Structures are given as C-alpha cells and as structure tokens.
Amino acid sequence: MREILITNNEAGQRADRFLKKYLNKANSSFIYKMIRKKNIKLNNGKFEPEDVLKLGDVIKIFLSDETIDKFREKKTLVQTDIHFKVIYEDDNILVVNKPVGLSTQPDMTSMKSLVDEIKLYLDAKEKNISFTFKPAVCNRLDKNTSGLVIAAKNYETVKQVNKAIRDRQIKKYYEAKVHGTVSADLELKDFIIKDERKNMVEVVKNESENTKSIVTYAHPFRTENKYTWLEIELETGRAHQIRAHLASIGHPIAGDKKYGKKDNEKYQVLHAYKLVLGGFEGELSYLNGKEIISHIDERQILNKKQGD
C-alpha cells in the first residue's frame with residue numbers, strides 16, 4: 001500500500017487526472033477499474049474520478065510497491081548550470097531574469113532551457129518537484145530577449161497566472177533601444193502573420209484568415225545619438241511582436257539580426273523589465289498590484305555568440 005498526501009502542488013485538480021500522472025504508465029481503464037474496486041481510496045473512502053483534490057487529502061493505493069513502481073515512469077531532470085537571476089520569490093511564485101541566449105522552453109538548437117534550470121533550482125532549494133506537478137513557466141520570451149519570466153510553484157498558481165495573462169490582468173513592460181528618433185508616444189494597432197518556414201512574422205494592415213491582432217504601445221524616454229530608448233507595453237503578446245512591429249514603422253531594435261539592420265550591437269537591446277500583477281483571487285490575492293522590476297542594465301548574456 002502507498003499513501004500520498006496532497007500538497008499545494010497537487011490540490012485543485014481532478015483525482016483521475018492526478019492518478020493518470022502519478023501512474024503514468026498505466027492506461028485509463030486500469031485506473032478507473034482500481035477506483036471502482038476501491039483499490040484506490042480518497043480519505044479512506046470511495047470517490048468519483050471527477051472529484052477535485054484538496055490540500056491535506058490523502059490518497060491510498062492498495063497495491064504492492066512493486067506493482068505501483070511498474071506503472072510509474074520516473075523522469076530525471078536535465079542537468080545544467082543555473083544562469084538566471086532570482087528577482088522575486090515566495091511560496092507560490094518565482095520571477096527570474098532570463099539572460100540573452102537562453103531559450104525559455106527546450107528547442108531543437110539547444111538542450112539548455114530556462115524551464116530545466118528552474119526545475120533544478122527549485123528541486124535543490126525546496127525539494128519542490130512533486131508527485132505530478134513540475135514548476136511551470138507561464139510567459140515566454142524570445143531566446144535573445146532578456147528579462148522577467150514568471151514560474152508557478154504549484155497547480156493553483158499556474159492556473160491563476162495563466163488566466164490572468166489570458167485576461168490581460170498582468171501588465172508587461174519592456175525597455176528597448178531602437179534605430180531613429182521617436183519624439184512622441186506610439187499606439188500601434190495592426191495584424192501579424194507567421195511564416196513557419198522562416199520562423200519570422202510579417203506585420204500587415206488588414207485582417208485575414210491567418211492573421212492575429214497586435215497592439216503595442218511605446219513611450220520614448222531618452223535619445224542617444226541616432227537611437228531612441230523606448231518603454232513598451234504590450235496589450236497582446238504574440239511571438240516576435242515588438243521586434244516586427246517596431247521594424248514595420250522604420251524603428252527596428254538595435255542589434256536585432258532578424259528584423260533589424262546592421263549596427264554595432266552584439267545582442268538585441270530588448271529587455272522585459274517590469275511586471276504589474278493583477279487578476280489573482282483567494283489566497284493569491286496578495287499578489288494583486290505587486291510591481292516586479294529588473295532594468296536592462298541588470299540583464300545577463302548567456303553566450304558570446306548570439307543565435308536565432
């Protein structure tokens with residue numbers, strides 16, 4: 001028999017979904033059969049597969065350890081160095097400064113990713129890698145954009161962060177150095193279409209079947225020779241949105257090898273520097289209104305050579 005105490009990392013999800021992740025090599029019919037035959041109990045009693053787990057619940061699996069282990073695939077963490085800087089952390093959420101050159105998610109070009117680094121960091125620090133929940137990165141940045149990324153430490157937090165982002169309750173601000181002089185605030189409203197083959201996007205004026213709307217606000221706060229520094233706020237968060245949108249009006253980001261023009265910058269000068277949190281409920285409502293800031297002069301560079 002095995003006893004599992006439900007923690008914050010597992011609470012809030014359906015019992016059957018938890019069991020499918022815990023016994024990840026067992027098929028669904030086997031799990032439902034074990035529930036029906038009371039070989040799996042919740043709080044010493046019968047339960048329905050759709051029942052939602054709560055903090056402190058206890059699941060008991062009345063099978064031998066050998067049988068349970070046979071139905072479990074134990075995943076190992078990718079070993080890597082830690083390159084990010086922690087900007088804010090509490091029991092539920094982690095906000096880090098991602099360096100230039102590090103992919104947010106694993107990709108085909110590198111085994112290193114921010115996701116892997118965060119899992120290692122939390123596992124070593126808090127033994128936070130739970131039965132079924134792995135810390136989840138909730139917002140993504142381009143590989144060569146530095147700045148703030150949110151990671152959720154438990155299931156309830158990832159649900160609320162993702163909902164807040166979808167509902168545009170989390171405000172995201174960037175600092176960027178662009179070519180040319182921008183003398184007034186910009187309010188850019190267009191559409192974007194992606195070329196999967198080139199891994200690039202194009203900004204267009206008219207909506208069509210394959211386009212998505214984009215809204216970008218920019219405020220100039222400093223000029224520097226033939227460049228302007230902008231504070232940028234996103235209303236939408238599409239891949240390559242800032243880079244392509246600014247390039248489309250003749251102000252590409254300095255150092256942007258894909259959408260920009262030749263200059264002396266080694267890395268694109270674009271940094272996600274501020275988050276204003278909102279949209280949280282219940283025990284996470286303490287996060288509402290919190291500002292998390294890390295300016296561009298705090299960014300890090302992972303590699304000497306910039307990738308795509």
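Predicted model: local features only at pLDDT ≥ 70, side-chain atom pairs only at ≥ 80, totals over all residues.

Reader: Fine. How many helices and strands are there?

Author: The protein has 6 helices and 14 strands, where helices (H or I, at least four residues) and strands (E, at least two) are DSSP runs numbered from the N terminus. The C-alpha trace spans about 75 × 40 × 35 Å along its principal axes.

Reader: And what share of the residues is buried?

Author: Buried residues make up 49% of the 308 residues. Buried means under 20% relative accessible area, exposed means over 50%, and partly exposed is in between, with a 1.4 Å probe and protein chains only. The protein exposes about 16200 Å², of which carbon and sulfur atoms supply 46%; accessible areas come from the Shrake-Rupley method with a 1.4 Å probe, and for residues only the protein chains shown count as cover.

Reader: What about contacts between residues 24 or more positions apart?

Author: They account for 65% of the contacts with a separation of 6 or more, a contact being heavy atoms within 4.5 Å.

Reader: Let me switch to α6. Is that helix mostly covered or uncovered?

Author: Helix α6, residues 241–248, is mostly covered, with 6 of its 8 residues buried. Those buried residues are Gln-241, Ile-242, Arg-243, Ala-244, His-245 and Leu-246.

Reader: Which strands cover the buried residues of α6?

Author: The cover includes β8 (171–179), β9 (186–195), β10 (200–204), β11 (212–224), β12 (227–234) and β13 (270–276). Just after α6, Gly-250 takes a positive phi of about 85°.

Reader: Which residue does Arg-243 meet in a salt bridge?

Author: The side chain of Arg-243 meets that of Asp-256 in a salt bridge at 3.0 Å, N to O. This pair links distant parts of the chain, since Asp-256 is in the loop between α6 and β13 and Arg-243 is in helix α6, 13 residues apart. Both Asp-256 and Arg-243 are buried. A salt bridge here is a side-chain nitrogen of Lys or Arg within 4 Å of a carboxyl oxygen of Asp or Glu.

Reader: How many salt bridges does the structure hold?

Author: The structure holds 14 salt bridges. One of them joins Glu-187 and Lys-189 at 3.2 Å, N to O, and both of these residues are exposed.

Reader: Where do Glu-156 and Lys-159 lie?

Author: Both lie in helix α5 (residues 155–166), 3 residues apart, about one turn of the helix, and their side chains meet in a salt bridge at 3.5 Å, N to O. An α-helix has 3.6 residues a turn, so residues three or four places apart point the same way. Glu-156 is partly exposed, because its relative accessible area is 31%, and Lys-159 also counts as partly exposed, at 35%.

Reader: New topic: where is Ile-118, and is it buried or exposed?

Author: Ile-118 is in helix α4, residues 114–126, and it counts as buried because its relative accessible area is 1%. Leaving aside neighbours within four places in sequence, Ile-118 is in contact with Phe-84, Leu-94, Val-96, Pro-135, Val-137 and Ala-151. Ile-118 and Phe-84 are 34 residues apart in sequence and 8.5 Å apart in space, C-alpha to C-alpha.

Reader: Last one: what is the phi of Asn-43, and of Asn-44?

Author: Asn-43 has a positive phi of about 50° although it is not a glycine, and phi of Asn-44 is near 65°, again a positive value in a residue other than glycine. Asn-43 is in the loop between β2 and β3 (58–61), and Asn-44 is in the loop between β2 and β3 as well. Asn-43 is partly exposed because its relative accessibility is 41%, whereas Asn-44, at 54%, counts as exposed.

Key:
Residues numbered from 1 in each chain as written. Heavy atoms only, no water.
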